[in-house]
Each structure stands twice: as structure tokens, then as C-alpha cells.
Amino acid sequence: MAAQDDAAKTGGTDTAIEAAVLRRLLAHLDSHKDVQNIDLMNLAGFCRNCLSKWYVAAAEEQGVTLSYDEARERIYGMPYEEWKARYQRPATAEQKAAFDARGEGR
């Protein structure tokens, strides 16, 4: 509740700040394409695909229809299949083992 009260007091400033943070996060991920989704999942428990799913959910909460593919394009900065072909590398055995050990993301 306190966060909602604070947001009301700032007149939407929090929303603008949160939007700027998301843009910065996406720019950061875009500049670090070498960081694979499986690395993000293993270290932080989320990846670019998770962000895409959250984007769709947030759009739905606002009454906006957005497909998963459209959200992915916004998160990846290009169609997912193009990003995958250009930047995704096969997961190593170590990455797969770490992912399986987490037991998350399914």
C-alpha cells in the first residue's frame, strides 16, 4: 500500500522512472548479447523470454492486447528468430546442469 500511496503523491513520476529503468535494462541486455538467456536464468532466475511474458501480462492488465511474439520483439529489439539465429549459442553441458539443478523456469 505504501508504494501505491507514494505513486499517487508523485503524480506518475514513479511510473516514468520505472519505464526509464526498463528501457535502460533492455539497452544493457542489448549491449551484452553475449550473455545468454540460460546464463540469466541460472544466475538471476529470469531471462529475456521471462521479460517478454511479463510485458504481455502487464499489457493485458492495462487492457492492451499484445502477442508474445510482439512482446519478444520489443524485448529483443528484433524478431526473436532473428536474434536467436544471430546471437544464441548452444547451451553447454555445464549450463544445462546448472539450469536443471535450479528446478525453475518450467
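**A conversation about the helices**

Q: Where is Asn42 found?
A: Asn42 is found in helix H3, which covers residues 37–44. Helices here are DSSP runs of H or I with at least four residues, strands are runs of E with at least two, and both are numbered from the N terminus.

Q: What kind of model is this?
A: This is a predicted model, in which local features need pLDDT of at least 70 and side-chain atom pairs count only at pLDDT 80 or more, while totals for chains, interfaces and linings use all residues. Residues are numbered from 1 along each chain as its sequence is written, and side-chain values use heavy atoms, with hydrogens and water left out.

Q: Back to Asn42, then: buried or exposed?
A: Asn42 counts as buried, because its relative accessibility is 16%. Buried means under 20% relative accessible area, exposed means over 50%, and partly exposed lies in between (1.4 Å probe, protein chains only).

Q: And which residues is Asn42 in contact with?
A: If neighbours within four places in sequence are left aside, Asn42 is in contact with Gln95, Ala98, Phe99 and Arg102. Contact means heavy atoms within 4.5 Å.

Q: Which other residues of H3 are buried?
A: Besides Asn42, the buried residues of H3 are Asn37, Ile38, Leu40 and Met41. The buried residues of H3 pack against H2, H4, helix H5 (68–76) and helix H7 (93–102).

Q: What comes just after H3?
A: Gly45 follows there, with a positive phi of about 80°.

Q: Zooming out, how many helices and strands does the protein have?
A: The protein has seven helices and zero strands. Of its 106 residues, 25% are buried.

Q: How do H2 and H4 cross?
A: The axes of H2 (residues 13–31) and H4 (residues 48–61) come within 12 Å and cross at roughly 150°. That makes H2 roughly antiparallel to H4. Angles under 35 degrees count as roughly parallel, over 145 as roughly antiparallel, 65 to 115 as roughly perpendicular, and the rest as oblique. The axes are lines fitted to C-alpha atoms, for helices over the stretch in contact, and angles run from 0 to 180 degrees between N-to-C directions.

Q: Which residues meet there?
A: Leu22, Leu25, Leu26 and Leu29 in H2 meet Arg48, Leu51 and Tyr55 in H4. The residues of this contact divide into six nonpolar, no polar and one charged. Ala, Val, Leu, Ile, Met, Phe, Trp, Tyr, Cys and Pro count as nonpolar, Asp, Glu, Lys and Arg as charged, and the others, Gly among them, as polar.

Q: New topic: how many salt bridges are there?
A: A search of the whole structure finds two. A salt bridge is a side-chain nitrogen of Lys or Arg within 4 Å of a carboxyl oxygen of Asp or Glu.

Q: What does Lys33 pair with?
A: Lys33 forms a salt bridge with Asp30, and their closest N and O atoms are 2.8 Å apart. Lys33 is buried at 18% relative accessibility, whereas Asp30 is partly exposed at 37%.

Q: What about Glu82 and Arg86?
A: Their side chains meet in a salt bridge of 3.0 Å, N to O. Glu82 and Arg86 are four residues apart in helix H6 (residues 80–87), so about one helical turn separates them. Glu82 is partly exposed at 31%, and Arg86 is exposed at 53%.
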